[in-house]
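Please keep the sequence and the structure in view while reading.

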Amino acid sequence: MTTANLAAIVLAAGQGTRMKSDLHKVLHPIGGKPMVQHLLDSLTHLSPSRTVVVIGAKGEQLEQSLQGVEFVKQGEQLGTGHAVQCALPSLEGFEGDLLVLYGDVPFISEQTMHRMVSTLAEEDDCGLVVLGFEASDPAAYGRLIKGADGSLERIVEFKDAAPQERAVTLCNSGMMLIEGGSATDWLASLNNDNAAGEFYLTDLVEIANKSGRSVAVVETDEAELMGINSRSELAAAEAIFQSKMRDAAMADGVSLVAPETVFFSFDTKLGRDVVIEPNVVFAPGVTVEDGSTIKAFSHLEGATVRTGASVGPYARLRPAADIGPGAKIGNFVEIKKATLAEGVKVSHLTYIGDATIGAHANIGAGTITCNYDGFLKYQTTIGAGAFIGSNSALVAPVTIGDNANVGAGSVVTKDVEGDALGVSRARQRNIEGYAAKFRKEKSAEKAARNAKKKD
Ligand code: UD1
Ligand code: MG
C-alpha cells in the first residue's frame, strides 16, 4: 500500500536532557541502529512523499546521520504545536495529510500507521486521528477525553487536568494524523494559554471539533508507544527489541539454547537449523547460513558464516570475515577481512587477518598472520589443502601454495611453493646425558646451600 499524499513530520527538537549525553537522544542505538532510524524505516512502508525532521539542539548530528529526509530548525522549543508549525513553511504547496511522529518513540508499527491513515479516510467527516493507548501507569501523559458518541472531544495535559480527568487511563501517545486541507488553518490558531505556557499540538482536537470535524482515536498497545528519555528507558527498549528478535529467529527455525543470553543487531540474518549456543553477540552485518552452529561466548560483526560451518566457542569474527561451507573456527580464534573456503579448519588460538585460505587447509594452533607493519596492511594467501604447523608466524605479504606444509614454529617471510615444506627455525640438536648431569650438579648445589643456612 502506498500513501502518496502523506507527509511525515518527525519531532526531534527536544533537549534530551535526561539522557545526559553528547550524542543526540534519537541517535542512541537500539539493536545497533539509531532509534530514530527504526522509526524512519517503518515509515518507508507508507511511502510518504515528504519526511521532515524538526531539529533543535545537536540537530547537526541528525543532518549528518540521516538520509532521505528534510530538516527544519525549531530555534526555541515552544511546544509540540510550535514544532509542527515550524515544519509548515517547508511543506508550502503540499496538500496531503500530515502524520506527526516523535523521534524518541521508535517502535510504532507500519500497521498502526496504516490504521491511522485508513481511519482518516474512512470515518465520516473525520479531520484528525489521534493515536492513543490504555496506560498501565498513566503518570504525566495527556488524557484523551471522549464524548458520548465515542469520538474524541479534547486532550487535556496532565498539568492542566482536573482530578476526574487524571483518573482517565486512555492516554495520548502524542502522534496524530492531520487532514491536509485543514492543517495549516488549525495549526495557525494554536495559542499558549495553558499551565506550561506552550503551544500544545493537542489543542488541535478541540479546534477540529469546533470547525465541525470529528476526531477519531486509534488505539494500540502501550509497548509500541514506548518513549525513550533516559539510559534506563533505552535499556528497556533494547530488551524489548532483543526479545522480538529472539522470537522471530526461533519462529524462522533457529535454535537458541538460552534465548535471553543471545544479542542480535537489527540486520542479523540467520538461516534454517542454525544453532546458537548461550552468550553469543551479533554486532551489525552478520549472516549465518543454514545448518551452522555458533558456539557459546562468540562475538560476530560484519561476518558471513556459510552453510554447515561451526564457529566457537569463544571465537571472534570481525568485519569481512567470510567462513566457508563446513569450515570450523575454534576457541580463541580471531578472523578479520579474510575469506576461508570450504572445510577450512582454524581450531585454536589463532589470528587470521587480510587473508584468503583455500579449501580444506588446516591452520595449526597459535598461527598468526602478521598483517601489519605499523603503517600498512598486507595480504596472506594460503592455498587449498595447505597445512600450517602450530605456532607459525606468516609475515605478510606472503603466499603458501596449494598442499604445502609449514613446519611448526616457523616465521615465514618468503613464499612457500605448492607441495613444498617451508620451515624456518634452528635445527634441533640433542646432547646425550646432559639432563642427568645437570640434575646431579644442581641438586648438589642446592643441598650445599641448605646446609649453610642451618649453621
Ligand atoms: C506530549 C503530549 C502529551 C502526550 C505525550 C506523550 C502535547 C502538548 N502533549 O507531552 O499529551 O501524552 O507527549 O509522550 O503535545 N518536541 C519538539 N519541540 C518542542 C517540544 C517537543 O520537537 O518544542 C518534541 C520532543 O523532542 C519529543 C516530542 O516532541 O520528541 C514530545 O515532546 P515532550 O516535551 O516530551 O511532550 P510531553 O510534554 O511529554
Ligand atoms: Mg514527553
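## The loop between β28 and β29

N391 is found in the loop that runs between β28 and β29, where helices (H or I, at least four residues) and strands (E, at least two) are DSSP runs numbered from the N terminus. With a relative accessible area of 55%, N391 is exposed; the term buried stands for under 20% relative accessible area, exposed for over 50%, and partly exposed for what lies in between, with a 1.4 Å probe and protein chains only. N391 and T367 are 24 residues apart in sequence, and their C-alpha atoms are 4.9 Å apart in space.

S392 also belongs to the loop between β28 (387-388) and β29, but S392 counts as buried, at 1% relative accessibility. Its side chain reaches the backbone oxygen of G389 at 2.7 Å, a polar contact in the sense of a pair of N or O atoms within 3.5 Å, where within protein one atom must be able to donate a hydrogen and the other to accept it, and residues adjacent in sequence count only if both atoms are side-chain atoms.

## Basis of the model

This is a predicted model, in which local features need pLDDT of at least 70 and side-chain atom pairs count only at pLDDT 80 or more, while totals for chains, interfaces and linings use all residues. Residues are numbered from 1 along each chain as its sequence is written, chains are lettered from A and ligands numbered from 1 in the order in which they are written, and side-chain values use heavy atoms, with hydrogens and water left out.

## Backbone geometry

Two cis peptide bonds can be located in loops. One runs from G312 to P313, with omega near 5°, and P313 lies in the loop between β20 (310-311) and β21 (315-317). Another joins A396 and P397, with omega about 0°, and P397 has its place in the loop between β29 (393-395) and β30 (398-400).

K337, which is not a glycine, has a positive phi of about 40° and lies in strand β23 (residues 328-340). D354, likewise not a glycine, has a positive phi of about 55°; D354 is placed in strand β24 (residues 345-357) and counts as buried at 5% relative accessibility.

Helix α1 (residues 35-43) is mostly covered, since 7 of its 9 residues are buried. These buried residues are M35, V36, H38, L39, L40, S42 and L43. In helix α3 lies C86, which counts as buried at 19% relative accessibility; the C-alpha atoms of C86 and K73, 13 residues apart along the chain, are separated by 7.2 Å.

T381 lies in strand β27 (residues 380-382) and is partly exposed, with a relative accessible area of 30%. The C-alpha atoms of T381 and N403 are separated by 12 Å, the two residues being 22 residues apart along the chain. A296, in the loop between β17 (293-294) and β18 (299-300), is buried, with a relative accessible area of 13%, and its C-alpha atom is separated by 51 Å from that of E76, which is 220 residues away along the chain.

## The ligand site

Ligand 1 sits in the largest pocket. A pocket here is, on a 1 Å grid over the protein atoms alone, an open set of points where a 1.4 Å probe fits, with protein on both sides within 12 Å along at least five of seven lines, and a molecule sits in it if more than half of its atoms lie within 2 Å of its grid points. The elements that give two or more residues to the shell around ligand 1 are β1 (6-12), α3 (80-87) and β10 (170-178). Among the 19 residues around the ligand, Q74, T80, G142, E157 and N172 come nearest, a residue being near if one of its heavy atoms lies within 4 Å.

Oxygen atoms of ligand 1 lie 3.0 Å from a polar backbone atom of A13, 3.1 Å from a polar side-chain atom of Y102, and 3.2 Å from an N or O atom in the side chain of D104. The protein covers 79% of the 750 Å² of accessible area that ligand 1 has on its own, as given by the Shrake-Rupley method with a 1.4 Å probe.

Methods:
On a 1 Å grid over the protein atoms alone, a cavity is a set of points where a 1.4 Å probe fits but cannot get out, and a pocket is an open set with protein on both sides within 12 Å along at least five of seven lines; lining residues have an atom within 4 Å of a point.
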